Amino acid sequence: MKDTKEKILKGSFQLFLKHNYEKVTVPELEKATGISRGGIFHHTGNKKNLFIEVVNKYLFELHDVQQKFSVPEECTLQEFIEIYTKSIDNTAKYVHSVTEIKETELTNYYYHFVLQASKYHPDFLKFEERLMINELALWTRIIKKAQESGEVKKELDTTALANQFYYYYYGISYITSYFGILNTEELRKQYVFLYELVKA
């Protein structure tokens, strides 16, 4: 039963990546999942609940800060930059592994999926707010420790610097979505450049 549910969510995710939620038909869901209408709705209830479960799995759970970033208690800012960019790269590779979309088109399609989630998932704004708070708190904690240890200039505003690191990723990921792929190595290089500017 669990395998069937996973098959339904995976197939539906691939479909919702490429097509607007409201235009996806039940026959298309049957074809994408390999499961009959009765089987799909036995596990999910209806199309809206199916979409919500797909978003929960491939957006909310995937980007949960606690699960996404495994950060040691004693972690330098330099080490965290490597952890952060590697985690983003691993997430992108995972999404690619469960879809049939070309890697060069994946970021574009994933942003389309996120926009659909913002429109049709009732808890989307709560999730985004929690994600922002938790991720900014993580950057702030790492930077504050880096300032206390002498790794980073103490006179810099901790919150402002955390915002710089946090928003830089979301800015570059949005821009590169037009071209279809997020270059995590380029992101890492830019973070290293910023790190060199702020280190003590």
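Helices (H or I, at least four residues) and strands (E, at least two) are taken as DSSP runs and numbered from the N terminus. By this assignment the chain contains ten helices and zero strands, and its pattern along the sequence reads α-α-α-α-α-α-α-α-α-α. The structure is a predicted model, in which local features need pLDDT of at least 70, side-chain atom pairs count only at pLDDT 80 or more, and totals for chains, interfaces and linings use all residues. Residues are numbered from 1 along each chain as its sequence is written, and side-chain values use heavy atoms, with hydrogens and water left out.

Along its principal axes, the C-alpha trace spans about 60 × 30 × 25 Å. Of the 200 residues in the chain, 44% are buried, where buried means under 20% relative accessible area, exposed over 50%, and partly exposed in between (1.4 Å probe, protein chains only). The accessible surface of the chain, from the Shrake-Rupley method with a 1.4 Å probe, comes to about 11,000 Å², and 54% of it belongs to carbon and sulfur atoms. With contact defined as heavy atoms within 4.5 Å, 73% of the contacts between residues at least 6 apart in sequence join residues at least 24 apart.

In helix H3 (residues 37–44), the residues Gly39, Ile40, His43 and Thr44 are buried. These residues cover an arc of only 110° around the axis, which puts them on the same side of H3; the arc is that of the directions from the helix axis to the C-beta atoms. Just after H3, Gly45 takes a positive phi of about 95°.

Asp89 is located in helix H6 (residues 77–97). Asp89 is buried because its relative accessible area is 18%. The side chain of Asp89 forms a polar contact with the side chain of Thr184 (3.1 Å). A polar contact is a pair of N or O atoms within 3.5 Å; within protein, one must be able to donate a hydrogen and the other to accept it, and residues adjacent in sequence count only if both atoms are side-chain atoms.

Lys199 lies in the segment after helix H10 (184–198) and is partly exposed, with a relative accessible area of 32%. The side chain of Lys199 makes a polar contact with that of Glu196 (3.0 Å). Apart from its neighbours within four places in sequence, Lys199 is in contact with Glu151, Val152 and Lys153. A distance of 8.3 Å separates the C-alpha atoms of Lys199 and Gly150, which are 49 residues apart along the chain.
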